[in-house]
Amino acid sequence: MRGTGRERADEHPPAPEALAFLTRPGLTRLWTAARARLERNGLQPAGTIRLEHLDAQEREALSLLLARPVTGPTTTIRLPDLDTRLRTSAVGRGLASTLAELGPSLTDRRAARDAAAAERARVWSAAQTEVEATSLSAQPWTGQWLEEIRRGGTLARQDPKTAATVIAQAVQTLATLFPGTAPCSTPPTWGRGELATRATGSAHGLDDGTLLSRLVLRGIALAHGVELPADAPARRALWRMASVTSDEVSSTVLTYGLRPTGGAWREAALRERADHHMETHLTLRELRTLSLKMPPGTRVHVCENPRVVEAAADNGCTAPVVCTSGSATTVVLALLDALAASGCTFAYHGDFDWPGIALANRIMHRYGAESWRMRAADYEYLATRTQMHGTPPVALVGPPAEAVWDEELAPAMEALGIALHEEAALDLLLEDLG
């Protein structure tokens, strides 16, 4: 607590009688208001406080404390007068010292704000110094980068130590990616995990969603004069623009029957696998090198569960199928985007449960897909058939989701309360797949 010399000299607590008076209920609102005002004033007793809707108990307590009658429902109290009154009374100490005695400890909010502002200024000053000590000092965009992240406020919401660490890591990472102004015929290529380890000690330091990755991507976007990406594929493309590769081989999309028309060995391999009724797992790395131009009018069936692909292969079906394997991941969307760009149309089937409806909404909205045996009549037929077969019912759980393609589907599902997985319609789906 900051106070006057006389307050610091007070070593003894108020007498028990004085303390008992100060803690009576009729003074509670006074101390609360006085505390708030002092903490805003740098702990100095200045200004006034106004108390309204006083009850009889409060009026009596205030009259005794202030040594003047308080008779109305409202009173205004000058804090310098209250401070003087406390010093000259049996309390024997000023307002700030009294409030500290009553507890909890006072906080000098003005000093705290000033200290926080000074700490933020030190963070930005250190960031500027670090930029000037690296190759980024020669880059024309770094001033704008620093100003944008300062105005954005994200770093200001971090504690100063975290903010200083992250900005230093971002500067180091960008300096690694932009080592100078001279053009390089073959810029060095980094794995994102390798680059993250170099900057943070963790291979996940530049994962999507981290504050560091957002700062670095903002710098890359400014360096190349492009917009900041809004989705995962665009972020990967921006990383590649800076010669940073993500892990593009661990996640795959399950496909069947794709017959692209390209003449390279990759397209020929896909056609050959389709001819032999073999499923294919494609990685993001492969999708970047494949030409997925399909025969005109190709209709691609999209399913949610891998069992549909397995059964299509076992039955020698001919229609192309893409499986989302649950919620569609980046690699799934990358394949569907490429097929859509080549002119393919889509038909979608998934689970008749609330997550399944949400995924179907996503696919149908993004690609204009048609429903594939996913209407209310299909659900009611399958529910009746499973009951006739004596199949144990699976209860619908979770919040309902409206089906954008059929307004009657969600009410029908709520009425029956049964979840139906895609396998319940497998025979019908195989008929459609040819």
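A search of the whole structure, which is a predicted model, finds zero disulfides, a disulfide being a pair of cysteine sulfur atoms within 2.5 Å. In general terms, a disulfide is a covalent bond between the sulfur atoms of two cysteines. Cys303 takes part in no disulfide, and the nearest cysteine sulfur, that of Cys323, is 4.0 Å away. Cys303 is buried, with a relative accessible area of 0%, where buried means under 20% relative accessible area, exposed means over 50%, and partly exposed covers what lies in between (1.4 Å probe, protein chains only). Cys344 is likewise in no disulfide, the nearest cysteine sulfur being that of Cys303 at 16 Å, and Cys344 is buried with a relative accessible area of 8%.

Because the model is predicted, local features need pLDDT of at least 70 and side-chain atom pairs count only at pLDDT 80 or more, whereas totals for chains, interfaces and linings use all residues. Residues are numbered from 1 along each chain as its sequence is written, and side-chain values use heavy atoms, with hydrogens and water left out.

Six strands form an open sheet with mixed pairing, in the order 6-5-8-7-9-10; strands (E, at least two residues) and helices (H or I, at least four) are DSSP runs numbered from the N terminus, and two strands pair if DSSP finds at least two bridges between them. Strand 6 (280-283) and strand 10 (370-371) stand at the edges with a single partner strand each, so one side of each is left without a neighbour in the sheet. Strand 5 (residues 252-256) is mostly covered, since four of its five residues are buried. Strand 5 runs antiparallel to strand 6, to which four bridges join it, and Thr255 has Thr280 in strand 6 as its bridge partner. Strand 5 also pairs with strand 8 (residues 321-323) in the antiparallel sense, over three bridges, and there the bridge partner of Leu254 is Cys323. By contrast, strand 9 (residues 345-348) and strand 10 pair in the parallel sense over two bridges, with Tyr348 standing opposite Ser371 in strand 10.

About 370 Å³ of space lies in the largest pocket. A pocket is here an open set of points on a 1 Å grid over the protein atoms alone, with protein on both sides within 12 Å along at least five of seven lines, and lining residues have an atom within 4 Å of a point. The lining comprises 19 residues, of which Arg192, Asp208, Arg236, Ser246 and Asp247 lie nearest the centre of the pocket. Helix 10 (192-200), helix 12 (232-241) and helix 16 (330-341) each supply at least two residues of this lining, which divides into six nonpolar, seven polar and six charged residues.

Arg271, found in helix 13 (residues 265-275), is partly exposed, with a relative accessible area of 26%. Leaving aside neighbours within four places in sequence, Arg271 is in contact (heavy atoms within 4.5 Å) with Leu258, Arg259, Pro260, Thr261 and Gly262. Of these residues, Thr261 is ten residues from Arg271 in sequence and 8.5 Å away in space, C-alpha to C-alpha. Thr386, in helix 18 (residues 376-388), counts as buried at 16% relative accessibility, and Thr386 touches Thr391, Leu420 and Ala424 when residues up to four places away in sequence are not counted.

Key:
On a 1 Å grid over the protein atoms alone, a cavity is a set of points where a 1.4 Å probe fits but cannot get out, and a pocket is an open set with protein on both sides within 12 Å along at least five of seven lines; lining residues have an atom within 4 Å of a point. Grid points are joined across faces, edges and corners, and a volume is the space filled by probe spheres set on the points. Ala, Val, Leu, Ile, Met, Phe, Trp, Tyr, Cys and Pro count as nonpolar, Asp, Glu, Lys and Arg as charged, and the others, Gly among them, as polar.
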